[in-house]
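These are my notebook entries on a single model.

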Amino acid sequence: MEYIQQLLTSPKSLILELGAYLYGLFANFTTSNAPVNAPAAIISKPYKSRIRLDNDASATFTLPDGRKLGYAQYGSLTGRAFFYLHGHPGSRMEAAWFEELCLKLGARIIGVDRPGIGWSSPHPGGTLLDHPKDIEHLAQHLELDSYGILGMSGGGPYALACASSLPPEKLKCVSIVCGLGPPDIGMRGAGLPQWLGFTLGYPYAPSFVLKWWWQREPAGRLDLTDEERLEILVQHISKSKASANKKDLEVMDEDVLRMSLRSARECFSHGYDAAVQDGRLMSTEWGFRIEDIRPDLPVQLWYGKQDSSVPLNHGEQIAVRLGGRAHLRVEDETHASLQIKYQEEILENLIRSL
């Protein structure tokens with residue numbers, strides 16, 4: 001009740017969000033004519049980013065049930081390996097963030113597309129615990145004797161699913177950065193869009209409403225070129241500078257924005273169904289308990305005090321449910337600034353655990 005009262009102190013924002021929600025129920029959905037399997041990237045002018053945006057590191061693997069699993073490898077292909085579980089929306093491409101660091105530290109990072117995202121086949125009816133099985137098959141294909149897991153943001157639930165079910169002789173450590181916890185924790189302390197999305201939207205809204213929501217966001221506007229999407233995003237950030245967190249503005253340069261849009265294009269490459277399925281899986285009953293994760297598995301948790309996407313309470317509650325055996329690191333950062341500023345330290349700690 002207290003949190004609802006806090007929301008009501010900003011009636012304009014609440015009315016705008018609820019108005020958009022109701023409009024989605026009744027409007028004709030003409031916002032986007034994005035084609036299925038849209039081109040991976042449509043760049044209208046040359047641009048050299050410090051973060052790789054190409055598909056040269058990507059490949060597919062055929063799972064036992066015939067589905068394709070998309071993945072991308074960066075860094076040292078002979079180094080200590082860990083799987084990167086992307087955010088929401090996101091894709092295997094996010095692992096490119098760590099390429100330079102992996103080369104420096106002698107590590108190998110493997111970004112994996114979830115079902116229906118990027119180069120992975122859809123998996124209607126799939127569960128949160130099905131993804132660790134896919135990763136296990138990929139690890140066997142890559143002939144990995146051991147590996148770690150790094151889950152970012154929306155990859156948090158999948159990282160915990162891996163911790164719960166992957167073979168102990170193979171999985172050596174798990175690191176979760178700003179990762180969502182179980183839905184019963186709630187979203188108190190989150191921004192209004194995140195609160196609405198994970199509390200009401202994904203658990204209860206019809207799929208066509210959620211698809212419409214993504215079609216109106218810059219990340220989901222696949223009817224536009226990457227340059228047009230970038231321009232919209234830059235304009236949005238410029239207009240909201242007065243109210244934006246300064247820590248976010250410090251890290252949001254053009255390379256970061258281009259990578260975010262590139263990864264989102266991969267996320268929606270098959271349409272919007274996969275993103276809806278992904279959101280529903282992390283917002284409803286998971287099918288396992290954090291308390292049952294094996295006690296000898298090293299787990300690192302990284303969370304920000306100023307995170308309005310995944311509130312700090314999620315990290316604290318995960319740590320409590322792990323019986324205090326996880327290492328919880330809390331920094332005075334936002335969702336974006338923690339992930340970007342602490343990349344090297346996050347990776348060093350993960351490699352040390354391997």
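Entry 1: I began with the second largest pocket, whose lining divides into five nonpolar, one polar and four charged residues. I count Ala, Val, Leu, Ile, Met, Phe, Trp, Tyr, Cys and Pro as nonpolar, Asp, Glu, Lys and Arg as charged, and the others, Gly among them, as polar. The model is predicted: local features need pLDDT of at least 70 and side-chain atom pairs count only at pLDDT 80 or more, while totals for chains, interfaces and linings use all residues. Residues are numbered from 1 along each chain as its sequence is written, and side-chain values use heavy atoms, with hydrogens and water left out.

The search runs on a 1 Å grid over the protein atoms alone: a pocket is an open set of points with protein on both sides within 12 Å along at least five of seven lines, a cavity is a set where a 1.4 Å probe fits but cannot get out, and lining residues have an atom within 4 Å of a point. Points are joined across faces, edges and corners, and a volume is the space filled by probe spheres set on them. The volume of the second largest pocket is about 210 Å³. I find R50, I51, R52, A96, W97, E99, E100, L101, I340 and Q343 in its lining. Helix α3 (residues 99-105) supplies the largest share, three residues. Helices (H or I, at least four residues) and strands (E, at least two) are DSSP runs, numbered from the N terminus.

**Entry 2: cavities.** The whole structure holds two cavities of 30 Å³ or more. I noted a volume of about 100 Å³ for the largest cavity. Of its 13 lining residues, P115, T127, Y158, Q277 and L281 lie nearest the centre. Elements giving two or more residues to this lining are α4 (130-141) and α11 (273-283); α11 gives the most, four residues. By class, I record four nonpolar, five polar and four charged residues in the lining of the largest cavity.

**Entry 3: sheet.** In what order do the eight strands of the open sheet run? I read β1-β2-β4-β3-β5-β6-β7-β8, with mixed pairing; two strands pair if DSSP finds at least two bridges between them. β1 (58-62) and β8 (327-331) are the edge strands, each pairing on one side only. Strands β2 (residues 68-75) and β4 (residues 107-112) pair in the antiparallel sense over five bridges. The bridge partner of A72 in β4 is G111.

**Entry 4: aromatic pairs.** Rings of Phe, Tyr and Trp (its six-membered ring) pair if their centres lie within 6.5 Å; planes under 30 degrees apart are stacked, over 60 edge-to-face, and the rest tilted. The F83 and Y147 pair is edge-to-face, because the ring centres are 5.3 Å apart and the planes stand at 80°. F83 lies in strand β3 and Y147 in strand β5, so this pair ties together parts 64 residues apart in sequence.

**Entry 5: backbone.** Most residues other than glycine have a negative phi, and most peptide bonds are trans. Which peptide bond is cis, with omega near -5°? I find that this bond runs from H88 to P89, and P89 sits in the loop between β3 and α3. S153, although not a glycine, has a positive phi of about 55°. I place S153 in the loop between β5 and α5 (156-165).
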